[in-house]
Amino acid sequence: MSYTIAPEQVIDYPPERLREFHGSVVEYIDNRVFMLDPGQLVGEPAAQAYREIAAGMFTALGWQGDGRIELLWLPAFVFPLSEHMADVGVGVWHVKQDEDGISYLLSPVPMPFEALHNTPHWKEVRQAAHRRRGALGRAVDEVLHYVWDPIGIQANPDCRGEYAAYADRIESQLLRGAGEQELCAALAGMARNEMGVNPDERRTQRAAAALVAWQASLRD
């Protein structure tokens with residue numbers, strides 16, 4: 001059998017060591033499929049001691065407390081050879097904020113990656129994200145009113161805010177990385193289950209495609 005370290009060897013330091021880790025802020029990390037739950041590595045309740053210290057460190061970087069604290073593994077080969085990284089790679093603590101999608105990182109070693117070195121101060125990152133989120137919110141509102149419009153009120157100025165509550169939920173899904181299929185399902189469910197109308201498949205698909213396109217254009 002080929003060699004690998006055991007799960008309990010991934011976190012081979014006490015919780016207090018996290019206070020010495022290097023913090024970074026970055027947008028965006030949109031693939032969390034390979035993230036590790038620290039509870040699976042050191043067990044519970046031991047993992048909670050690590051989470052609490054990591055949370056304090058993330059808060060100092062600007063994290064507002066929403067999102068799940070996880071570990072991101074980086075293999076040794078992504079680092080320059082001059083760093084002489086161990087073959088086991090590096091476990092980086094990570095949390096992605098639900099509110100704006102910004103990721104906060106804690107690494108036991110400095111991470112020599114251009115995107116992180118060029119990352120502005122966290123306040124600037126958050127301000128830029130909030131500007132984009134404001135634009136995204138307006139785009140979602142427009143798409144739901146003029147493209148999706150399941151109850152046919154787009155021509156009535158008195159109904160301009162009819163879909164506001166739905167827009168907030170769709171915007172949150174977009175910020176979490178939802179694609180067209182997930183958005184189609186969400187919009188169809190809202191029309192069918194909350195408004196009591198049969199969703200128009202074509203309009204729903206057009207709206208989902210427009211939403212994804214707007215999200216992509218605002219992030220470029």
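Let's start inside helix α6, whose buried residues (under 20% relative accessible area, against over 50% for exposed and in between for partly exposed, with a 1.4 Å probe and protein chains only) are Leu183, Cys184, Ala186, Leu187, Ala188, Gly189, Met190 and Ala191. This is a predicted model, in which local features need pLDDT of at least 70 and side-chain atom pairs count only at pLDDT 80 or more, while totals for chains, interfaces and linings use all residues. Residues are numbered from 1 along each chain as its sequence is written, and side-chain values use heavy atoms, leaving out hydrogens and water.

Helix α6 covers residues 180-194; helices here are DSSP runs of H or I with at least four residues, strands are runs of E with at least two, and both are numbered from the N terminus. Its 15 residues reach 20 Å from first C-alpha to last, close to the 21 Å expected at 1.5 Å a residue, the expected span being 1.5 Å times one less than the number of residues. Just after α6, Gly196 takes a positive phi of about 70°.

Now over to strand β4, residues 103-107, where Ser103 is found. Ser103 is buried, at a relative accessible area of 0%. Its side chain makes a polar contact with the side chain of His94 at 2.8 Å; such a contact is a pair of N or O atoms within 3.5 Å, and within protein one must be able to donate a hydrogen and the other to accept it, with residues adjacent in sequence counting only if both atoms are side-chain atoms.

Ser107 also sits in strand β4 and is buried, with a relative accessible area of 1%. The side chain of Ser107 reaches the backbone oxygen of Val109 at 2.6 Å.
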